[in-house]
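Thanks for coming, everyone. I'll walk you through one model this morning. Please have a look at it on the screen first.

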Amino acid sequence: MSIIANNITKFFGKQKALNKVSFTIEKGEIVGFLGPNGAGKSTMMKILTTYHTPDEGKAEVNTFDVQSEKKNVQKSIGYLPEHNPLYLDMYVKEYLAFNAEVYKVDKQRINTVIEQTGLTPEANKKIGQLSKGYRQRVGLAAALLHDPEVLILDEPTTGLDPNQLLEIRKLIREIGKEKTILLSTHIMKEVEAVCDRVLIINKGTLVADKKLSELRDGQDQVLVVEFDFRVEEAFLNKLPHAIMVKNIGGFVYEITFDTSNDMRPAVFDFAHDNQLKTLQLSRKNKNLESLFSELTL
Ligand SMILES: Nc1ncnc2c1ncn2[C@@H]1O[C@H](COP(=O)(O)OP(=O)(O)OP(=O)(O)O)[C@@H](O)[C@H]1O
């Protein structure tokens, strides 16, 4: 097991930021830590990185106890904090060399992580000259320098534009082939795009621990479809297996089907047969969304 959290409770003064949180993460898993603002995600991550001490409970990373074996835990973890602290005046290579020095890592690793994080074309620039996406890559490269078993990424895509976001997610998936990753986010799409499993936390309490495959295999299926014209909901209800149709703005509809068979071809054909053009057609993971809103109200 790469990470074990057992009944972790943490107070800040009188406020309980975490309440008996327990979970385990196996080697090689990419797990999303999902929760609204202030739910306790960063606090849990900071306990795993030994930055905070739990008031109750025990946690282990890579078999090492976060309180009594801090050094070994730190060696096992690469951490990308929520506000990635970078020295903007430093050159990328200089910053990584500085980190390698501090953490006593072989300088050879610098080129390896530059390549691994796709930083090669920007490696000779100052960090301040880089786009946010590339700055995030520098943070990831620094977190990977000591070749840790586990990566803890606190909201790694916050503030990125849509293209940078896709690139960083791709990179995380790539890195996840070799490492265990726990990443926090409030974006459900992110969990769907990157993770094998999701932990949902609300007001300090863990309220769900689910494999994404379990959520996907749920019975219902929701499609979001945009036509080039207004259509009566009752008309769309005639689609086979349709159980609910909702107009969600403009000519965009959310259609729920009571089958797990992919209904996109049927919707496409239905539109075509009725002289409608399909401008967009996508599957929505209703289960993760409804689970999240049910559990974090
Ligand atoms: N150092 C601290 N001192 C006092 N209270 C804190 C401290 N750190 C966190 N808290 C409080 O603990 C609770 C959990 O905060 P935490 O930062 O872990 O949430 P989060 O889920 O990471 O939120 P966000 O998504 O907004 O980053 C919040 O109510 C927060 O105000």
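Let's start at one residue, A141. Leaving aside residues up to four places away in sequence, A141 touches L96, V113, I114, T117 and L119. A word of caution before I go on: this is a predicted model.

Now step back from A141. What does it belong to? A141 sits in the largest nonpolar core, which has 61 residues. Together with L48 and I152, A141 touches the most other members of that core. Which helix gives the most to it? That is helix α5, residues 132–144, with seven residues. Domain 1 and domain 2 both contribute residues, so this core lies between them.

Next, the domains. The assignment gives domain 1 as 3–213 and domain 2 as 218–295. How far apart are their C-alpha centres? They lie 36 Å apart. At the contact, nine residues of domain 1 meet six residues of domain 2. On the domain 1 side, α7, β9 (197–202) and β10 (205–211) each supply at least two of the touching residues.

Some overall figures. The chain has 297 residues, and 35% of them count as buried. Its secondary structure comes to eleven helices and 14 strands. The C-alpha atoms fill a box of roughly 65 × 45 × 30 Å along the principal axes. Take the contacts between residues at least 6 apart in sequence: 68% of them join residues at least 24 apart.

How confident is the predictor? The chain averages a pLDDT of 91. At least 70 is the score for 98% of the residues. The model's ipTM is 0.96 and its pTM is 0.79.

Which residues of α4 are buried? Among them are I110, V113 and I114. These three cover an arc of only 105° around the axis, which puts them on the same side of α4. The face turned away from that buried side carries Q108 and E115, both exposed. What do the buried residues pack against? Their partners are α3 (92–102) and α5. Just after α4 comes G118, with a positive phi of about 70°.

On to α6, residues 162–175. The helix has 14 residues, and at 1.5 Å a residue it should span 20 Å. Its end C-alpha atoms are 20 Å apart, which agrees. L165, I168 and I172 are buried here. They cover an arc of only 70° around the axis, so they are on the same side of α6. Looking at the face turned away from the buried side, you find N163 and E174, both exposed. What covers the buried residues? The cover includes α5, β8 (180–185) and α7 (188–194).

One last stop, the loop between β8 and α7. I187 lies there. I187 and F33 are 154 residues apart in sequence. In space, they are 9.9 Å apart, C-alpha to C-alpha.

That's my tour. Questions, please.

Key. Residues are numbered from 1 along each chain as its sequence is written. This is a predicted model: local features need pLDDT of at least 70, side-chain atom pairs count only at pLDDT 80 or more; totals for chains, interfaces and linings use all residues. A nonpolar core is a set of buried Ala, Val, Leu, Ile, Met, Phe, Trp, Tyr and Cys residues joined through C-beta atoms within 7 Å. A residue is buried if 20 or more other C-beta atoms lie within 10 Å of its own, exposed if 12 or fewer, and partly exposed in between; C-beta atoms are placed from the backbone. Helices (H or I, at least four residues) and strands (E, at least two) are DSSP runs, numbered from the N terminus. Domain bounds come from an automatic or database domain assignment. Two residues are in contact if their C-beta atoms, placed from the backbone, lie within 7 Å. pLDDT is the predictor's confidence in each residue, from 0 to 100. The expected span of a helix is 1.5 Å times one less than its number of residues. The arc is that of the directions from the helix axis to the C-beta atoms.
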